[in-house]
Amino acid sequence: MNNRIKDAFDSIHAEEALKQRAKEFLSERIQRTNRRRSPVPVKLTAACACLVLLLAGGYSFFAPVSAISVDVNPSVEFGINLFDRVVSVVGYNEDGMALIDSLDLKYQDYPSALEKLMASDRVSYYLENDGLVSITVLGPTEEKSEKMLADLFVRGYGSASNVVCHSGVRDDVEAAHKAGFSFGKYRAFLELHALDSTVTEEEARGMTMRQIRDRMDACSSGLSRRENAGEGPGRHGKFPAVLPAAGRSPCLVPDILPSGRTAAT
Amino acid sequence: MRDEQEACRAIERYADTVKRLCIIHLKSGPDTEDIFQNVFLKYVLSSAVFESEEHEKAWVIRVTINECKDLLKSFFRSRTVPLEGLPDLPAQDPSGGREVLEAVLSLPQRYRDVIYLHYYEGYSAVEIGKLLSKNVNSIYTLLHRARTLLRKNLGGDEFE
């Protein structure tokens with residue numbers, strides 16, 4: 001009888017059609033799963049592409065393509081990225097370094113950063129004391145430079161009597177930095193040097209923009225170098241308004257501001 | 001995940017076993033096909049490493065029984081009535097195979113598994129206990145009662 005049970009179950013077999021349908025079903029599922037699993041090279045390529053995009057995005061954000069040089073006595077240069085954000089701020093003299101230390105300008109759009117800089121105590125001090133502010137822009141293309149310059153005029157910087165705006169020259173930037181100037185101040189130095197070849201870089205580095213401008217005006221009007229410099233109606237005597245009180249470095253803003261500002265007026 | 005070749009090999013090797021277990025548990029042809037596909041899909045997706053063919057066969061039996069039980073417990077199944085009685089049973093044969101089969105299938109569900117596993121697959125009570133996660137004594141009891149019922153239904157005293 002035990003064999004009868006075995007024989008009874010032995011007579012049951014899975015039909016070929018049933019097996020075939022199961023095989024087809026599994027084959028389709030296996031292929032679908034394999035298709036869904038993208039091969040490693042595709043994943044690797046996608047990961048690399050993401051990485052490249054990320055790096056490119058990071059690079060394009062942090063890479064400065066334009067620059068603005070603001071020179072009064074503080075000499076400061078903004079590096080500006082593709083998105084018009086300030087990505088680097090460099091002070092080119094002691095006064096400039098102190099100025100950027102006192103302000104948080106990074107990653108702001110450049111008009112805001114410029115506004116903040118111009119409203120700072122140190123720059124205000126010079127503006128109120130007949131200092132001359134030179135703003136020099138340098139874009140990746142001439143069109144961009146012009147656009148930035150036009151933007152400065154729209155914002156009223158060009159209309160102020162003691163603020164001058166220029167476009168910079170890209171070829172001068174490297175030489176300017178090598179000589180320890182911002183490119184805006186270097187531009188002024190080159191102009192002065194063209195009028196008075198005896199002016200050295202060292203001498204120009206210690207001059208405020210007002211002093212450089214007045215020296216250029218003096219040279220243009222035919223005054224001798226001796227009359228403009230040193231002890232004659234020289235630098236300090238000729239430009240008293242822009243300078244702090246006697247005995248103080250002409251390049252430095254008083255230590256305490258804004259209370260220092262009232263003392264100087 | 002196993003490949004297509006392994007899937008085909010498993011179907012060829014275990015199709016009859018799965019089919020027999022389906023007949024023991026289910027009464028509907030389409031259900032058998034569902035179980036068939038689910039069992040072999042689980043086999044393909046499983047990462048289990050089998051130590052031997054016996055191990056693999058035990059795995060297939062265990063999964064098939066579970067699949068059948070799950071299907072019987074399902075909401076839809078519990079609220080529908082099958083249209084057919086006992087499909088796919090072999091035609092009447094001279095040795096009375098169909099009669100024996102019907103006698104086995106008429107047993108309560110809990111007896112059918114042990115009868116099939118013991119008399120057809122040749123598992124001992126201990127092995128069936130492990131396979132069904134049941135106490136060995138329970139298996140002995142189930143076998144004894146199943147034999148008594150079969151004897152009653154089929155007559156004779158061969159079921160020992």
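Reader: How much space lies in the largest cavity, and what makes it a cavity?

Author: In this predicted model, the largest cavity holds about 70 Å³ of space. It is called a cavity because a 1.4 Å probe fits there but cannot get out. By this rule, 2 cavities of 30 Å³ or more are counted.

Reader: Which residues line the largest cavity, and which elements give two or more of them?

Author: The lining includes L132(A), V164(A), H166(A), G184(A), R187(A), E191(A), M209(A) and R213(A). Two or more residues come from each of strand 5 (163–167), helix 9 (183–195) and helix 11 (209–220) of chain A.

Reader: How is the lining of the largest cavity divided by class?

Author: It has 6 nonpolar, 2 polar and 3 charged residues. G184(A) is in this lining, and Gly counts as polar by the rule applied.

Reader: Why is the other kind of space called a pocket?

Author: A pocket is an open set of points with protein on both sides within 12 Å along at least five of seven lines, hence the term. The largest pocket has a volume of about 210 Å³. Of its 15 lining residues, P64(A), S66(A), A67(A), E77(A) and G79(A) lie nearest its centre. Strand 1 (66–71), strand 2 (75–80), strand 3 (86–91) and helix 8 (170–178) of chain A each supply at least two lining residues. By class, the lining has 9 nonpolar, 4 polar and 2 charged residues.

Note on methods
Residues are numbered from 1 along each chain as its sequence is written. Chains are lettered from A and ligands numbered from 1 in the order in which they are written. This is a predicted model: local features need pLDDT of at least 70, side-chain atom pairs count only at pLDDT 80 or more; totals for chains, interfaces and linings use all residues. Side-chain values use heavy atoms; hydrogens and water are left out. On a 1 Å grid over the protein atoms alone, a cavity is a set of points where a 1.4 Å probe fits but cannot get out, and a pocket is an open set with protein on both sides within 12 Å along at least five of seven lines; lining residues have an atom within 4 Å of a point. Grid points are joined across faces, edges and corners, and a volume is the space filled by probe spheres set on the points. Helices (H or I, at least four residues) and strands (E, at least two) are DSSP runs, numbered from the N terminus.
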